[in-house]
Amino acid sequence: MTEPARAERPALGGAVPRRQAALLRLSTGIAAAHDEAAIYRSVVTGLHDEALGYNFLGVFLLDETTEDRVLQASVGWPDAPAAMRVHRGEGLSAQAMQDGRLHYTPDVRRESRYLASLASGSEVDVPLRVDGKTIGVLVVESAEPNAFGEEDFEILQAAAHQAGIAVARARLLAEERRRADEHKALLDTMADLSSELELSRVLQAVIERAVALLGVTGGEVAIYEEETGELVVVASERIGKDSTGTRLRLGEGAMGTVAQTLEPLIIPSYHEWLGQSAKYADVVVHSVMAAPLLIGRRLVGAIATVHSDPARVFDQEDLRLLNLFAPQAAIAIENAQLYTAAQRQRQYFGELVRNSPVAIVTLNPQYRVVECNPAFERLFGYTQAEAVGRNLDELITTDATREEAERYTREALGRAVQGIGRRRRKDGSLVDVEVLGVPVMVDGERVGLMGLYHDITELLRARRDAEAANSAKSQFLASMSHELRTPLNAIIGYSEMLQEEVAELGQPQLIEDLAKIHTAGRHLLALINDILDLSKIEAGKMQLYVETFAIGPMLDDVVTTARPLVAKRANRLDVERPADPGTMDADLTKVRQILLNLLSNACKFTEHGTITLSLERDGAHIVFTVCDTGIGMTAEQMDRLFEAFAQAEASTTAKYGGTGLGLAITKRFTNLMGGDVQVESTPGQGCCFTVRLPARVSPVA
Amino acid sequence: MARILLVEDNEMNRDMLSRRLQRKGHDVTLAVDGREGVAMARAGAYDIILMDMSLPEIDGWAATRLLRGAPETQQVPIIALTAHAMAGDREKALEAGCDDYDTKPIELPRLLAKIDTLLARDA
């Protein structure tokens with residue numbers, strides 16, 4: 001193997017390019033290397049060339065703690081132990097390590113310090129230098145003695161030089177990478193801040209790094225407390241005492257000053273500075289540099305660094321460096337405070353849910369119970385432990401309500417749904433509930449749904465009771481009205497008859513009194529009839545008898561009936577209607593009563609005025625309007641107008657008479673026929689009632 | 001002057017209405033329930049029958065139907081009288097065979113007008 005190599009040696013024309021080629025291989029390898037280990041491998045594999053006599057190559061690095069040389073990479077020595085260590089002073093390469101120069105040993109067998117590798121031939125040791133410091137050595141051995149010459153030394157030195165530069169660069173890169181990782185770790189820590197305790201730890205780390213980077217004696221960080229308007233020191237590093245917990249007003253001391261001005265501050269001679277806080281009287285510092293911690297223009301804290309060495313003074317470069325740390329601290333404070341606020345909010349809502357009288361349960365998107373509150377446990381009889389993980393609808397529905405409940409649940413995943421239903425308790429009993437289902441969204445993502453159950457068993461029972469009571473009341477009113485009417489008929493009839501008789505018998509002085517009995521009886525009867533109508537409507541027993549009738553004759557009839565009423569207060573009645581208004585399908589009796597009620601109402605509240613009854617067709621509707629020029633109403637009066645017994649003012653009943661039920665009945669009759677009634681009025685100028693009825697009322701009301 | 005059969009179970013109403021009609025010159029015969037009303041109507045010759053609807057024994061509607069079914073009373077005009085203008089009562093009365101309908105309390109001029117109209121129609 002060595003023989004052909006030697007045979008080639010005289011042919012310089014071949015050897016020189018071979019050396020260049022070896023160097024080129026090395027350069028290419030190094031350029032592609034990403035770390036130190038790869039560089040060392042590139043050095044040995046690149047140079048390796050049996051023809052040049054570069055039979056064994058190894059790179060040793062100095063281990064600074066033990067001062068051993070440790071093998072990093074080798075080639076040509078198959079049995080080389082990995083990470084082989086050579087102690088200080090041992091081996092031929094110790095020399096190069098020591099003086100930083102290339103050493104050539106033409107015949108290793110003569111050297112006592114030689115540590116056997118190939119155990120024959122010659123060896124060159126080239127120091128590896130980085131930034132003027134020897135960090136290791138490149139060892140090249142040939143199997144033959146006297147194998148190397150000047151050309152080899154040049155090439156090997158160039159190789160070592162290149163390797164040195166590459167190593168320096170790789171170490172710089174690694175350092176940069178480590179810093180970047182560290183920085184990221186710090187930011188990650190801040191992002192994960194989950195308590196004030198961790199905040200002080202992060203801020204302590206920030207100030208420690210700031211102190212180290214700036215090369216200052218010490219420093220501290222304070223948080224601005226909005227409630228008190230004070231700064232509270234939370235991290236303190238070598239300022240001569242533990243200042244943690246110290247409170248500073250705005251304007252007090254160095255940090256208080258920057259917190260007030262929101263501008264950084266350098267104090268060259270602290271002991272001469274007038275703004276000193278008494279709280280730092282026991283601290284010996286020479287100069288101080290402080291900066292506010294800001295989020296935008298909002299104060300969240302302050303940071304300060306100190307020099308106790310009189311020779312050191314802060315300059316703009318220090319300020320620039322301090323400003324690198326200030327945002328980190330500010331963000332850490334902001335994050336922690338946001339987290340704390342969010343935490344409080346969560347606790348607040350948690351308490352709300354826990355103490356809510358409404359049963360609340362949250363489900364995951366697979367409709368399984370995630371958690372439930374005590375009200376839920378009480379309502380349905382399942383403890384949270386029993387409910388969690390179960391399908392809610394399987395848990396609390398019956399076979400009869402399953403489908404409906406599942407529909408709610410499905411829909412509630414997408415939007416809020418509300419309804420009333422019946423659910424099953426753990427003991428099998430049923431409960432009537434009002435259900436509200438809402439999707440739960442976090443950052444726009446649907447994470448489940450929330451169900452709220454309100455026990456309405458009592459409410460439903462109360463409603464049923466109230467409905468029954470109301471129906472009984474209507475029933476009572478209906479039968480009472482009927483019973484009252486029979487004796488009333490006698491009173492009215494006999495008083496009317498007596499009026500006729502006394503007139504014939506020539507005793508006119510009695511007529512007036514009999515007329516009063518008759519009028520009072522009539523009024524009482526009207527009242528009873530109205531009450532009967534209303535109670536029938538309320539009880540749902542008022543029926544519609546729809547028939548087809550001609551509108552014209554109906555209007556004529558109504559007008560004739562209303563004439564005496566109109567004349568009573570010296571009013572005029574105008575009728576505006578088409579010559580032939582045609583027919584309509586409706587309950588004739590009720591239409592008549594509606595119009596008479598409105599006319600009677602208008603006459604009651606108008607004196608020496610005009611009452612206008614008009615009719616027009618509006619598509620499929622007939623519109624009746626009754627307008628007057630009477631006393632009118634205010635908006636508040638109109639609000640209650642259609643309620644039973646709600647004459648605009650109690651006093652009007654006394655003055656104008658009437659049952660107070662006419663308009664209530666009018667409205668109910670109108671609605672019964674599928675129409676509506678509206679009123680417009682200006683107080684003092686009269687009012688207009690408009691009734692819109694379908695021209696063809698549906699018989700099924 | 002007409003011969004009127006008044007079928008009315010309430011004593012006061014019966015007394016009052018009959019006296020008022022008599023003072024207007026009519027000849028009034030009284031029946032106190034539906035059964036008696038039908039029997040008297042078929043036995044006697046009346047120009048018109050005033051029939052209360054809520055009667056004991058046979059109510060006014062049933063009595064009217066019976067009278068309409070009997071040849072001797074088929075043509076006699078019948079005016080139904082009801083306690084209250086309940087929508088439906090009128091239809092029910094006309095359906096049963098009544099010729100007209102009036103509500104209590106009776107307004108005498110209105111009732112007299114209806115009687116006159118029916119008598120004029122048949123005359």
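A:Ile531 has its place in helix α14 of chain A, which covers residues 511–538. The model described here is a predicted one, and in it A:Ile531 has a relative accessibility of 21% and therefore counts as partly exposed, since buried means under 20%. Although A:Ile531 and A:Met480 are 51 residues apart in sequence, their C-alpha atoms are 9.9 Å apart in space.

## Packing of α16 and α19

In chain A, helix α16, made of residues 588–604, packs with helix α19, made of residues 662–672, at an angle of about 145°, and the axes of the two helices are 9 Å apart. The crossing in which α16(A) passes α19(A) is left-handed.

On the side of α16(A), the contact is made by A:Lys590, A:Gln593, A:Ile594, A:Asn597, A:Leu598 and A:Asn601, while α19(A) contributes A:Gly662, A:Leu663, A:Ile665, A:Thr666, A:Phe669, A:Thr670 and A:Leu672.

A:Asp587 lies in the loop between strand β20, residues 583–586, and helix α16 of chain A. With a relative accessible area of 1%, A:Asp587 is buried, because that value falls under 20%. The side chain of A:Asp587 reaches the backbone nitrogen of A:Tyr545 at a distance of 2.9 Å.

## Confidence in the model

For the model, the scores are ipTM 0.79 and pTM 0.40. Chain B has a mean pLDDT of 88, and 95% of the residues of chain B reach 70 or more.

Key:
Residues numbered from 1 in each chain as written. Chains lettered and ligands numbered in written order. Predicted model: local features only at pLDDT ≥ 70, side-chain atom pairs only at ≥ 80, totals over all residues. Heavy atoms only, no water. pLDDT = per-residue confidence, 0-100. Axes fitted to C-alpha atoms, helices over the stretch in contact; angles between N-to-C directions. Helix = DSSP H or I, 4+ residues; strand = E, 2+ residues; numbered from the N terminus. Left-handed = near helix turned anticlockwise from the far one by under 90°. Contact = heavy atoms within 4.5 Å. Buried < 20%, exposed > 50% of the residue type's maximum accessible area, 1.4 Å probe, protein only. Polar contact = N/O pair within 3.5 Å; in protein donor to acceptor, adjacent residues only side chain to side chain.
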